[in-house]
Amino acid sequence: MTDVEIFEIVNQFKAAQTVLTGGEPSLFIDEDFIKGLKKSTGRRVAIETNGTRKLPDGIDWVTVSPKSGMSVSGDTELKVDHADELKVVFTGQPLDPYFGLRCVGESTVMLLQPCFVDDEKQYKKNIADTVSAVLADPRWRLSLQTHRFIGVR
């Protein structure tokens, strides 16, 4: 699809902003795409990224969802300098290192999300463990994948 075709499809839906997500959206966008999307839709543009690629200018809200191995001293290099939101999938890992990531600042919203697994008993445990971690450290907020609770895969 061309950028113009994408903009036309996006304009068919009413929304205050457009969120670029799914896979790693930074692989497919550049500054011209962001400018064109904003101009053609009049909307704010947000992105959810793993943070391993530099982002083009013009994005209004950046959510970094780091993957395993990405931390201050992790084996995956973080390329994003600023995150409005950091969304971490909780698997019981230490959480303090996330506050040292280069993209995290005083205003970054820190979200903790239970790791989804198909085993219902384990998933319920993951939810309980995540809630406990959030209650134990008020710097974190609970994030849930609503589609999991309503049965959309």
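Is alanine 46 buried or exposed? That was my starting point today, working in a predicted model.

**Entry 1: alanine 46.** I looked up its cover first. Alanine 46 has a relative accessible area of 3%, and the cut-off for buried is under 20%, so I put alanine 46 down as buried. Next I checked where the residue sits: alanine 46 is part of strand 2, which covers residues 44–49.

**Entry 2: its neighbours.** Which residues does alanine 46 touch, leaving out those up to four places away in sequence? I noted Gln17, Thr18, Val19 and Leu20, and also Ile59 and Trp61. I then looked at isoleucine 34, which lies 12 residues from alanine 46 in sequence. From C-alpha to C-alpha, I have 9.9 Å between alanine 46 and isoleucine 34.

**Entry 3: the fold around it.** I went through the secondary structure and found four helices and six strands. Reading from the N terminus, I wrote the order down as α-β-α-β-β-β-β-α-β-α. Of the contacts with a separation of 6 or more, 52% join residues 24 or more positions apart.

**Entry 4: the whole protein.** I looked up the extent of the C-alpha trace, and along the principal axes it spans about 45 × 35 × 25 Å. The protein has 153 residues, and 39% of them are buried; alanine 46 is one of the buried residues. For the accessible surface I have about 9,400 Å², with 53% of it belonging to carbon and sulfur atoms.

**Entry 5: charges.** Last, I looked at the charges and found 19 positive and 22 negative. Their mean positions lie 4 Å apart.

Methods. Residues numbered from 1 in each chain as written. Predicted model: local features only at pLDDT ≥ 70, side-chain atom pairs only at ≥ 80, totals over all residues. Heavy atoms only, no water. Helix = DSSP H or I, 4+ residues; strand = E, 2+ residues; numbered from the N terminus. Buried < 20%, exposed > 50% of the residue type's maximum accessible area, 1.4 Å probe, protein only. Contact = heavy atoms within 4.5 Å. Areas by Shrake-Rupley, 256 points an atom, 1.4 Å probe, with all protein chains shown as cover. Lys, Arg positive; Asp, Glu negative; His and termini not counted. Charge placed at Lys NZ, Arg CZ, Asp CG, Glu CD.
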